[in-house]
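These are my notebook entries on one protein chain. I set down what I looked up, entry by entry.

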Amino acid sequence: MNMKKIAPAAMSALLFGSALVPVASANEQQSTEAEVPQIQIDPVHIFNDTRGTVEDVRVGENITYYTVKEGEQTNVLEMTKDTLVFDNTGEKVELQKGDKIVAYTFANKPQKYIYPPQFNPEVVIVETEKAGFVEVDYFFEDLTNTYDILKLNIGKETELFNEKGEKVDAKDLAEKHLVVFYTASTKSIPAQTTPSKVIVLDDDSSATKNPINEEIDNIIASDSYEVAGTKMVPLRVIAEKLGFKVDSTGKGAILSKGNMSYTITRGEKTFGYNKALRTLTVAPTLKDTKTYVPIEFVDEYLK
């Protein structure tokens, strides 16, 4: 589908559903004819960026959890072996404790309502002292980004890849989300650059892909039952797949991961969440020596 670029912010609004708000014309001259209202568009953030220094690394079965801090703010990055990690020059690197990073996550990707906030980023950039800049954004047909800040001029030496590391052509960059690595740009508006490397992010698959979720879906499909119209699913196997430590209490279990802790008691709808109490629609139950919880608990608190 070809997208004509009327205005970068307007196109972003069309793509991501920003509100369009009509405002009065700034023309102060009197006229007998009705004035055509202008359109004011709120800024659209296609990516959320998480910044800070990696202060803790915890390796799970399929996910590695990186605790990132900047000042008083703490965030957790959930990353798999497929998560893209580059330094600011475009070189692939392995994320380590002490690295100063910027992580980019699609803004429309579902996020857990937990503290500290957890993100499953599309790409993580490790900042180094080497010369190099990075732009992660949506680029239009003419290869300018959403706010006409940067325009790409693809050169013969520019390396072009998709997120799987496969080579692509310059024609594959238009109307896509890109990770752009470059070292210099012009002082024009928009600034122009010939990037050293460009990575195409497939937003349709990247925003939803999570191999762990597929495993969880398979577990639920093969091992679940209903109580009062609510699907009940096995607690331990799902929690451990999602990186939680599960300790039995005799009457239930305590789940812990990072700064999160849940205390589940069979027969009680109320459960402990850190130092607070939350309520489920159906109480956890015991079946075939396993504790089962409502699927809502997995969807709302564990994933």
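**Entry 1: burial and surface.** I looked up burial and found that 43% of the 303 residues of the chain count as buried. Buried means under 20% relative accessible area, exposed means over 50%, and partly exposed lies in between (1.4 Å probe, protein chains only). The chain exposes about 17100 Å², of which carbon and sulfur atoms supply 49%; the areas come from the Shrake-Rupley method with a 1.4 Å probe, and for residues only the protein chains shown count as cover.

**Entry 2: conventions and confidence.** I noted that this is a predicted model, in which local features need pLDDT of at least 70 and side-chain atom pairs count only at pLDDT 80 or more, while totals for chains, interfaces and linings use all residues. Residues are numbered from 1 along each chain as its sequence is written, and side-chain values use heavy atoms, with hydrogens and water left out. The pLDDT is the predictor's confidence in each residue, from 0 to 100. The chain averages a pLDDT of 83, and 82% of the residues score at least 70. Over residues 1-44 the pLDDT is below 50, and this stretch has 60 contacts in the model beyond near neighbours in sequence. Residues 203-209 also have a pLDDT below 50, with 12 contacts in the model beyond near neighbours in sequence. I remind myself that where pLDDT is low, the predicted coordinates should not be read in detail.

**Entry 3: elements and contacts.** I found 5 helices and 24 strands in the chain. Helices (H or I, at least four residues) and strands (E, at least two) are DSSP runs, numbered from the N terminus. A contact means heavy atoms within 4.5 Å. Of the contacts with a separation of 6 or more, 57% are between residues 24 or more positions apart.

**Entry 4: an open sheet.** In what order do the 4 strands of the open sheet lie? I read the order as β16-β17-β24-β23, with antiparallel pairing; two strands pair if DSSP finds at least two bridges between them. The edge strands are β16 (225-227) and β23 (285-287), each pairing on one side only. From one strand to the next, the twist averages 45°. Helix α5 (residues 295-302) packs on the sheet and touches β17 (230-234) and β24, its direction making about 75° with that of β24. Axes are lines fitted to C-alpha atoms, for helices over the stretch in contact, and angles run from 0 to 180 degrees between N-to-C directions.

**Entry 5: two hairpins.** I followed β18 (residues 245-248) into β19 (residues 252-257), which pair in the antiparallel sense over 4 bridges. Their hairpin has 3 residues between the strands, and G250 in the turn has a positive phi of about 90°. β19 in turn is joined by 6 bridges to β20 (residues 260-265), again antiparallel. This hairpin has 2 residues between the strands, and G258 takes a positive phi near 60°. I254 is the bridge partner of D247 and stands opposite T263 in β20.

**Entry 6: single residues.** Is N162 buried or exposed? I list N162 as buried because its relative accessible area is 19%. The side chains of N162 and E166 are joined by a polar contact of 2.8 Å. A polar contact is a pair of N or O atoms within 3.5 Å; within protein, one must be able to donate a hydrogen and the other to accept it, and residues adjacent in sequence count only if both atoms are side-chain atoms. I also noted that the peptide bond from I189 to P190 is cis, with omega near -5°.
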